[in-house]
Amino acid sequence: MEKQVILNSKQFALTLNRLCYQLIENHDDFSDTVLIGLQPRGVQFLTRIKNELESILGHEIQCGFLDITFYRDDFRRRENPLIPSVTNIDFVIEKKKVVLIDDVLYTGRTIRSGLDAMLAFGRPSDVELLVFVDRRFKRELPIQADYVGKTVDTLNSERVSVEWSEIEGEDKVLLFTPTKSE
Amino acid sequence: MNNLSVEHLIGIKDLTKEDIELIFQTADSFKDVINRPIKKVPSLRDITIANLFFENSTRTRLSFELAEKRLSADVVNFSSASSSVKKGETLVDTVNNILAMKVDMVVMRHPNPGAAKFLSERVNATIINAGDGTHEHPTQALLDAYSIREKLGGVEGKKIVIVGDILHSRVALSNIFCLQKLGAEVMVCGPTTLIPKYIKELGVKVSHNLREALEWCDVANMLRIQLERQDIKYFPSLREYTMLFGLDKEMLNSLNKEILVMHPGPINRGIEITSDVADSKQSIILDQVENGVAVRMAAIYLLAGKIER
């Protein structure tokens, strides 16, 4: 695999900052809004957004994690059953505005499962989608993001990875392209 | 590891420690699901499950049915009392006829030991044993161990005593296998006639004195005397059994430590356990029932994942 950096840590911080201000434009003081990160990789993104928003606004924002394993549409189409992560939503989302958060938007199937899973916690008034990377082509469902960190055009054989300093040691977005011999 | 090593759930004996831990880890998530306002997930939308009960059951049957419905599986129920079994149909014929209606998984309780294994070798469906005679009752053992893990933070190194009719109990055998695989120490306690002769071969301690057993343990699992399986008299009278092996509040309070009290149900109040013990805060009998649904959901989910499309 050939590795290419799409966003380095400086650009990464700028993008994160811009997304926060875009959210504030639409959600004001977040009194009616909750943020929900999709397990597993959306949670790290959620934590960053939450910390940055709270330092800008100066008050706490309601957040939760949502696991979508049991709502996926590819159960029994994979080799192994998927093992779930933790769901932690200790509030009711009835009549709230929800911002769903994930790191990469690609086929749209994860988001569809997320919408389904979310409804077990109530009927929100609005739902928006925030993703760090939008892989524009190869969408399999009619799902689009409301806030996008970076749009990239990729081939199906390529892979995009968002890395976080807390886990991988450095904030960056990488594109992996298979070399010809692979 | 994120897959079971078995295709069917016949007995705990066939499972590895990793299998059991995987089931527990998955059950944690399902326990969260069944405590939500909407207690249902769509995972098993395309799976049909038949519950075949050739022997009476309340808890296990309801628990399996709820677990299946909360996974969105389609469920058909069958009980031998109202079926053609009475007209002389064999087990394999009965099950094959049900499978001809396109059923993917069979949950079966049967009075004959080995019935689940027999079936798994002859029909083309995933089999879950919900109790086969005096042999095994794997999901009960899983939910018992899961409840201990939940209350005491783990099973490894814990001391569990199983009290009562060990000879006729499938719960006892499955519990012994399950707890030992998870690293617990197991003791059985009961009248000499109700303890199988070679049970020490399984590596369990044996006691015939309830107080001694309770002083030793962290958890006491009190079993019911299975009069329906006892073809001869194994002890002089139920009253004598209660005097020697029944757990009452006085005994519980006089112990040098606080132990957990479990019971797989159905309880015969006043025989193996008195009402005040069954309803005390040390009793986790109803937690066991709640965990039963989550653990069965996990087992069904993981086994269903192995069914080919």
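Two strands are taken to pair if DSSP finds at least two bridges between them, and helices (H or I, at least four residues) and strands (E, at least two) are DSSP runs numbered from the N terminus. The structure is a predicted model, in which local features need pLDDT of at least 70 and side-chain atom pairs count only at pLDDT 80 or more, whereas totals for chains, interfaces and linings use all residues. Residues are numbered from 1 along each chain as its sequence is written, and chains are lettered from A and ligands numbered from 1 in the order in which they are written.

In chain B, strand E8 (residues 219-222) and strand E9 (residues 260-262) pair in the parallel sense over three bridges, with B:Asn221 standing opposite B:Met262 of E9(B). Strand E5 (residues 159-163) of chain B is likewise joined to E8(B) in parallel, by four bridges, and here B:Ile162 is the residue opposite B:Asn221.

Helix H1 (residues 17-33) and helix H11 (residues 285-304) of chain B have axes that come within 8 Å and cross at roughly 120°, the axes being lines fitted to C-alpha atoms over the stretch in contact and the angles running from 0 to 180 degrees between N-to-C directions. H1(B) is therefore oblique to H11(B) (angles under 35 degrees count as roughly parallel, over 145 as roughly antiparallel, 65 to 115 as roughly perpendicular and the rest as oblique).

In chain A, a cis peptide bond with omega of about -5° joins A:Gln39 and A:Pro40, the latter placed in the loop between strand E2 (33-38) and helix H2 (42-57). A:Lys95, in the loop between strand E3 (63-66) and strand E4 (97-105) of chain A, has a positive phi near 65° and, with 11 C-beta neighbours inside 10 Å, counts as exposed. A:Lys138, in the loop between strand E5 (126-135) and strand E6 (147-152) of chain A, has a positive phi of about 70°.

Conventions:
Buried ≥ 20, exposed ≤ 12 C-beta atoms within 10 Å, placed from the backbone.
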